[in-house]
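These are my notebook entries on a single chain, set down in the order in which I looked things up. The sequence and the model come first, and the entries follow.

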Amino acid sequence: MAIGATVIHNNSSNSSTKAAPKTATTNVVHRRPVPQEMRGVHVTPALASDSTKLAEYLAIPGLNTLQVDVKDENGEVGFLMPNTALARKVGATKPYYKAGQLAGKTRAAGVYLIGRIVTFEDPILSQQRPDLAIRRADGSVWTNSAGLGWTNPYDKRVWDYNIEIAKAAAAHGFDEIQFDYVRFPSDGDVENTVYRGKVNEDMGWTIARFVQYAAKQLKPLGVRVSVDMFGLAATHDLGIGQVPRRVARFVDAIYPMVYPSHYSSGEFNLPDPSGSPGTTVAASLRDYRRHMRGTKAQLIPWLEDFSLGRTRTADEVRAQIEAARSSQTRGFLLWNPSGVYTQEVLRRP
């Protein structure tokens, strides 16, 4: 799984005349290798657009990975794309940051760069192109409980839309493309969803087919391909098409969101999973390890560095990290929607 340089050659054909041969041009996209232990944080496009804030992230002792939204939950793409791109035509591309400059700065700092693409939840594309959206019986665009539209996971035009954005990020120097919301919707009146072109297959196979399709197009570009999944997807049928053992065949890594606050009382026989963060993370990763057995995909968890229902302390964040290490993962990423992190836990002991 080591990533080397991707070299694209544009060689001129030999001339039959005595003219001096043309010099071949070579474009090289340098990829950083995956850290031995990934220690990273999530950064929003707005935060990535602030050069001072970006420099602060890159200077955090112990940090070696930055995960930045390429396309977020609002359907916005963090950088401008060509006028011919569908994302530009529907008004999704925004000038938050210059992708090439961002990749250059992270590379200069020795930091591995992951581009997150929120895939099927997409309020912009679903509104601007209702033909690509999940619909209601009356033909209107379906929205979830937060009022956000979703695109149709059965429609390959939606697949190509997200892959086009991923290819642009790869061309600018991102080291890895990480697909999030690679699933069917989970909240709202999902019983009223209408899918045009619906295939008579288990949702889990539809999602796996998308991931396989995306990986085939992206891996030749030299980028790693990964997905985010719910922490319970390894042991529960959540009705959204997330089946880790199927997807693990096609990706370089799976990032389960094993946030302790997201587990209900009684899960893993714990009365309060959120109150036992280390134990909860270890139990969830044990389930994932079992279901991914026999595949080459690496296991790298998202850990909770935010407060939900209780104030999350540095010791509790550290307990999650130690659980990840004891589970022999390839590292971890910390999530905080506000971008404020417990920096001292990123130092490698």
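Which residue in β11 is the bridge partner of Val41? I looked this up and found Leu334. I note at the outset that this is a predicted model, in which local features need pLDDT of at least 70 and side-chain atom pairs count only at pLDDT 80 or more, while totals for chains, interfaces and linings use all residues. Residues are numbered from 1 along each chain as its sequence is written, and side-chain values use heavy atoms, with hydrogens and water left out.

**Entry 1: strands**

I took helices (H or I, at least four residues) and strands (E, at least two) as DSSP runs, numbered from the N terminus, and I counted two strands as paired if DSSP finds at least two bridges between them. On that basis strand β3 (residues 38-43) runs parallel to β4, with four bridges joining them, and β3 is also joined by four bridges to strand β11 (residues 331-335), again in parallel.

I then checked burial, where buried means under 20% relative accessible area, exposed over 50%, and partly exposed in between (1.4 Å probe, protein chains only). Six of the six residues of β3 are buried, so the strand is largely enclosed by the rest of the structure.

**Entry 2: cores**

I defined a nonpolar core as a set of buried Ala, Val, Leu, Ile, Met, Phe, Trp, Tyr and Cys residues joined through side-chain atoms within 4.5 Å. The largest such core has 88 residues, of which Leu66 and Phe179 touch the most other members. Helix α6 (residues 156-171) gives the most to this core, contributing nine residues. With neighbours within four places in sequence left aside, and with contact meaning heavy atoms within 4.5 Å, I listed the partners of Leu66, among them Val41, Val43, Leu54, Tyr57, Thr106 and Ile114. I also recorded a second, separate core of 13 residues, which includes Val34, Ala253, Met257 and Ile300.

**Entry 3: helix α4**

In helix α4 (residues 99-108), I found Ala99, Leu102, Ala103 and Thr106 buried. Seen down the axis, the buried residues of α4 fall within an arc of 95°, so they line one face of the helix; the arc is that of the directions from the helix axis to the C-beta atoms. Their cover includes α2 (51-58), β4 and β5. After α4 comes Gly110, with a positive phi near 75°.

**Entry 4: aromatic rings**

I counted rings of Phe, Tyr and Trp (its six-membered ring) as paired if their centres lie within 6.5 Å, with planes under 30 degrees apart called stacked, over 60 edge-to-face and the rest tilted. There are 13 aromatic pairs in the structure. The pair of Phe120 and Phe210 is edge-to-face, because the ring centres lie 5.3 Å apart and the planes stand at 65°. This pair links distant parts of the chain, 90 residues apart, with Phe120 in the loop between β5 (112-118) and α5 (123-128) and Phe210 in helix α7. Phe179 and Phe210 have ring centres 5.4 Å apart and planes at 80°, so that pair is edge-to-face; Phe179 lies in strand β6, 31 residues from Phe210. Phe120 and Phe210 are buried, and Phe179 is buried. Ring pairs join Phe120, Trp159, Phe179, Phe210 and Tyr213 into a cluster.

For charges over rings I required NZ of Lys or CZ of Arg within 6 Å of the ring centre and within 35 degrees of the ring normal. Lys53 lies over the face of Tyr57 at 5.5 Å from the ring centre, and Arg246 lies over the face of Trp205 at 4.0 Å.

Tyr181, in the loop between β6 (176-180) and α7 (203-218), has a positive phi near 50° and is buried, with a relative accessible area of 18%. Asn269 has a positive phi of about 60°; this residue is found in the loop between β8 (253-257) and α9 (277-291) and is exposed, with a relative accessible area of 74%.
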